[in-house]
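Reader: I would like to go through this fold step by step. Please show me the chain before we start.

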Amino acid sequence: MYQIAVCDDDIYFLDKFTKTLLYAWGEEQVEIQTYQDGQTLLEDVERGNRYQVFFLDIQLASENGIDVARKLKIYSSDSVLIYVSAMEECIFQTFQTFPFWFVRKGKLDEDLRQMLPELRKQM
């Protein structure tokens, strides 16, 4: 079973995205933990929670998802990092954290159809 963390401060999107992942991947194959802020995610990872995949929004209420990703790399350097954001203008800034993919919220279904088969190959 794959352990996945999803971090987004938009509760509606967080719920929709989690359901989409569960449907696409299969509920018996993944366990998804959701976070509404990067600080709580970082605290859980610091306490030893391990995830194979992180889905991060860039624009969070109190922090920047790219900064959260940099800190996550300290504790989970072998995890796959995927940004899910409407801030397409930040895509080049994300390269500093070596993401696997950038999923655009405005093209969610299209981007997930492309990304998920590639992610499965990585895992």
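Author: One cut-off comes first: angles under 35 degrees count as roughly parallel, and those over 145 as roughly antiparallel. Bear in mind that the model is predicted.

Reader: How are helix 2 and helix 3 oriented to each other, roughly parallel or roughly antiparallel?
Author: Helix 2 covers residues 38–46 and helix 3 covers residues 65–75. Their axes are 10 Å apart, and the packing angle is about 5°. Angles under 35 degrees count as roughly parallel. Helix 2 and helix 3 are therefore roughly parallel.

Reader: Which residues of helix 3 meet helix 2?
Author: Helix 2 brings Gly38, Leu41, Leu42, Val45 and Glu46 to the contact. Their partners in helix 3 are Val68, Lys71, Leu72 and Tyr75.

Reader: How many residues in the contact of helix 2 with helix 3 are nonpolar?
Author: Two residues of this contact are charged and one is polar. The nonpolar residues number six.

Reader: What pattern does the protein chain follow along the sequence?
Author: The protein chain has five helices and five strands. Read along the sequence, they give β-α-β-α-β-α-β-α-β-α.

Reader: What is the radius of gyration of the protein chain?
Author: The C-alpha trace spans about 35 × 30 × 25 Å along its principal axes. For 123 residues, a compact globule would have a radius of gyration near 14 Å. The protein chain agrees with that, at 13 Å.

Reader: What percentage of contacts between residues at least 6 apart in sequence join residues at least 24 apart?
Author: Of the 123 residues, 44% count as buried. The protein chain exposes about 6,800 Å², and carbon and sulfur atoms supply 48% of that. For the contacts you ask about, the share is 61%.

Reader: Is Phe98 buried or exposed?
Author: Phe98 lies in the loop between helix 4 (91–94) and strand 5 (101–104). Its relative accessibility is 68%. The cut-off for exposed is over 50%, so Phe98 counts as exposed.

Reader: What is the phi of Phe98?
Author: Most residues other than glycine have a negative phi. Phe98 is not a glycine, yet its phi is positive, at about 55°.

Reader: What distance separates the C-alpha atoms of Lys19 and Phe98?
Author: Lys19 is found in helix 1 (residues 11–25). Lys19 is exposed, with a relative accessible area of 52%. Along the chain, Lys19 and Phe98 are 79 residues apart. Their C-alpha atoms are separated by 26 Å.

Note on methods. Residues are numbered from 1 along each chain as its sequence is written. This is a predicted model: local features need pLDDT of at least 70, side-chain atom pairs count only at pLDDT 80 or more; totals for chains, interfaces and linings use all residues. Side-chain values use heavy atoms; hydrogens and water are left out. Axes are lines fitted to C-alpha atoms, for helices over the stretch in contact, and angles run from 0 to 180 degrees between N-to-C directions. Helices (H or I, at least four residues) and strands (E, at least two) are DSSP runs, numbered from the N terminus. Angles under 35 degrees count as roughly parallel, over 145 as roughly antiparallel, 65 to 115 as roughly perpendicular and the rest as oblique. Contact means heavy atoms within 4.5 Å. Ala, Val, Leu, Ile, Met, Phe, Trp, Tyr, Cys and Pro count as nonpolar, Asp, Glu, Lys and Arg as charged, and the others, Gly among them, as polar. The radius of gyration is taken over C-alpha atoms; the globule rule is 2.2 Å times the number of residues to the power 0.38. Buried means under 20% relative accessible area, exposed over 50%, partly exposed in between (1.4 Å probe, protein chains only). Accessible areas come from the Shrake-Rupley method with a 1.4 Å probe; for residues, only the protein chains shown count as cover.
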